[in-house]
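Here is a quick tour of one structural model, written for someone who likes to click along. Have the viewer open and follow the residue names as they come up.

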Amino acid sequence: MLAQFGIGMFLLTFLLALFSVGAAVAGYFSKSDRWVEAARRSMLLIFPLITVAALTLIYLLVTGHYEIEYVYSVTSNDMPFYLKVTALWGGQAGSLVLWSWLMSAFASAVTLRKWERDRELLPWVIVVTSVTLAFFLSLTILYENPFARWWQTTAGDFVPRMFAPAGAVAITPMDGQGLNPLLRHPGMIVHPPMLYLGFVAFVIPYAFAIAALVTGHSDDRWIRLTRRWTLVAWVFLSIGLVLGMRWAYDVLGWGGYWAWDPVETASLMPWLTGTAFLHSVMIQEKRGMFKQWNMLLIILTYALVIFGTFLTRSGVFSSVHAFSQSAIGPMFFAFIGITFVTSLALLIYRWKDLRAEVEMRSLFSREAFFLLNNLLFMGVLIVCFWGVIFPLISELVTGQKVTVGPPFYQRANGPLFGALMAIMGIAPLTAWGRSTAGTLGRMLWKPAIPSLLTTVILLFLGMRNWIALIGFTLVAFVIFVTIYEFWSGGRSREKKVKENFLVALWQLVGRNRRRYGGYLIHLSMVVMAIGILGIEVYRTTTQKTLAVGEDIQIAGYTLRYNSLAQFPSTDGRFVTRANMSVFRDGKLLGNLYPRYDYYPTSGQMMTVAGVRSTLADDLYVVLVNWENVSLIQAPFKVYHNPLINWLWIGSLMFIFGFLVAAWPDREKEKREE
Amino acid sequence: MQKSLIRGVQGRGKFIIGGMFILAAIIYLIVSATQSNAEYFMTVNELRSKGNSLVGRSLRISGAVIGDTIQYDPLTMNLTFDIAHVPGDNAAINMGGGLAAVLHTAVTDPTRTRLTIIYNGPRPDLLRDEAQAIITGHLGEGGIFYADELLLKCPTKYQEGIPSQVVNSN
């Protein structure tokens, strides 16, 4: 009964979305405010209706309605309450529901704003968001119905269907299969919604961009209107990516955080274009340049967002994300193709209107560095795209099955990331418009000296790896430039307004939030780079089968295998847990408990590493579950990951920087109105 | 007029040259990284026929595990075993009566090409007679394959019965 109600709600919202599209188009062409208003109201109605449908699904999940196939596949009796709720995005069908839910929430938020000034844009914003929404709703209704229930056909097969096949009998299983154990992790509760929030929020600036193209607004209004949306989208995407890294580090038990698997790479791609977009819109606002380029970037970002959603959820590529397989691939390709080609056609149609107002003159100007930043981000994008599609191309052209792994991405992207870091340091020192090598050089030498001093100190301390030397020098450079920017800005205000230095600094940041928030984000990026350099360059690993009482050594640490315990846990898991002591220079530092959990319901295993984490390094011990572990001896794999903690510290700093940059500034907004 | 035109071209020229330079750098990075890191999927027969030209290259090999040849020292974690050739493409496997049957014939047929694998690490649970092994690593001197990564599938355990590198032909 509830199931029929739920799918009925989706059907209704789908029709409302179609109505919104039609009414908005009709309203625009007939210049009828009443039609546009009708479109807006129908759009506003969608969110509460999807909420009801989604809550219905959550209710079914929580109360264990295993006759529903989706509920059966992602929950089980032994799962705690919060996991049953988050099982909403534990599978394909539910993830699509979440997508639509977020999309409708954002679309409603946008249509609720005051539209007097931008009346012309509104219908097309509604069209774009409604078309996107209708696409995802149609997938839910036609292909991935989360409300389909189990039937047993006359032939004896069990099939999930919405309505009874002829002669079939309704079946109600006693228990479900339960969520994939790998997904039973706190990081998993937040990682997909964060990523989706980022994905979906990028639809809003795209909708405004298309609205501007259709209506012929060649100014930067669409950018100003969506500035905060872009920032929010970008930040959620970033947090989603970092949470994914953290989850991989904690759960997958291979001592790493990023494997360049096609799905990870696909979720990084919209982040790359989004980051480029975030930077280049500033040039359009300040200088009236890069208009065509910004349009192209947001169109690409939208296509990559849909592509990312498709890859995570299609099972086209085998990866850690291949939890679900489905036949919706062709639909996605068609949708991406149609929207991409239409958007490009619109852009070409308006190409001449979007010419730059001023021409770029100097190679050393700030706009030139922004251009360089954009080119490098596109470079990383091309590398990633090539890595994902190269196997397909190679087989088509030569018939030879070839693939590229992490070393490819590291080697091709490494220099590009290095160059991006260098620009991150140089660009804040440049001036707009005319600038020469000389003026830039005068700004550069102050932060350059302590950076080179850092290199000398690192050399003196015995660092000989040239990648690490270059990397840490660039990190130091960006840090010194950022400190210099804060310091010189604060000092000049201190002199001008006669304020205390700290007050001056506070006022300075408060009045230029976007700029100084941006610098804080730069700072957080290089702090993350410290962690990445540490693990990529200096990670070591060792493995050994240990008898009780035996030791294994790594990077100056000694680990002693004390004992092994096997016991059933209350939630149905069967736990095998080792007890190890960590020593350094003969001193006991603490105990680690690497373990693996066996889930009898699904027959799946999960490895949980024992980790000792400090600012200097992580000691990461895995009880290898491949071989039969006995009480006498067990195989262990140990990773020593230097500096990795800075990756997580950097991501917390990143959120702080974002808050500074995005915190509403009422005065400034009023001035701009 | 003439002058400003020239200046315009010059002004744009340096950006075009700069852009070309960056584009060339990106293409170089992609090409060189692809060349040095491409991993080739191969069957045992293909590997044998190409011979020593493959030494040092990154390869991914698929084959049937011959149970009698498995040797494992739990203390050093040194593992060696032989694999027998199995056809790489899906159609041939279906012709041979499915993966389980193909693996069985491969192991029992003494005329099949074989390859010795050396690996250091814990012995996988699924490493047993007539399992399918997908091995990443490189060919050393003397025709021995040094594995960095082992992936094992038992057709009895995985009902789909199609090896992953066939499904994911990418």
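Lys498(A) sits in the loop between α17 (466–497) and α18 (501–511) of chain A; helices (H or I, at least four residues) and strands (E, at least two) are DSSP runs, numbered from the N terminus. Its phi is near 55 degrees, a positive value in a residue other than glycine. Lys498(A) counts as exposed because it has 8 C-beta neighbours inside 10 Å. For that label, a residue is buried if 20 or more other C-beta atoms lie within 10 Å of its own, exposed if 12 or fewer, and partly exposed in between, with C-beta atoms placed from the backbone.

Asp585(A) is another such case: its phi is positive, about 50 degrees, although it is not a glycine. Here are the two side by side.

| Residue | Phi | Loop |
|---|---|---|
| Asp585(A) | about 50 degrees | between β8 (574–584) and β9 (587–592) of chain A |

Asp585(A) is exposed too, because 8 other C-beta atoms lie within 10 Å.

A word on ground rules. This is a predicted model, where local features need pLDDT of at least 70 and side-chain atom pairs count only at pLDDT 80 or more, while totals for chains, interfaces and linings use all residues. Residues are numbered from 1 along each chain as its sequence is written, and chains are lettered from A and ligands numbered from 1 in the order in which they are written.

Now for a helix pair. α10 (residues 227–251) and α11 (residues 262–287) of chain A pack at about 150 degrees, their axes 10 Å apart. Axes here are lines fitted to C-alpha atoms, for helices over the stretch in contact, and angles run from 0 to 180 degrees between N-to-C directions. On the α10(A) side, the contact includes Trp234(A) and Leu237(A), and α11(A) brings in Trp271(A) and Phe277(A), among others. Being in contact takes C-beta atoms, placed from the backbone, that lie within 7 Å. The contact residues split into 9 nonpolar, 6 polar and 1 charged. In that scheme Ala, Val, Leu, Ile, Met, Phe, Trp, Tyr, Cys and Pro are nonpolar, Asp, Glu, Lys and Arg charged, and the others, Gly among them, polar.

Further along chain A there's an open sheet of 4 strands, ordered β5-β14-β13-β12 with antiparallel pairing. Two strands pair if DSSP finds at least two bridges between them. At the edges are β5 (540–547) and β12 (610–613) of chain A, each pairing on one side only. The twist averages 15 degrees from one strand to the next. β12(A) and β13 (residues 617–623) of chain A share 4 bridges, and Val611(A) stands opposite Tyr620(A) in β13(A).

How do the chains meet? Chain B puts 28 residues in contact with 32 residues of chain A. α1(B) supplies the largest share of chain B's side, 12 residues. By class, that side has 14 nonpolar, 10 polar and 4 charged residues.

As for chain B itself, its secondary structure comes to 5 helices and 6 strands. Of its 170 residues, 28% count as buried.

Terms used
Contact = placed C-beta atoms within 7 Å.
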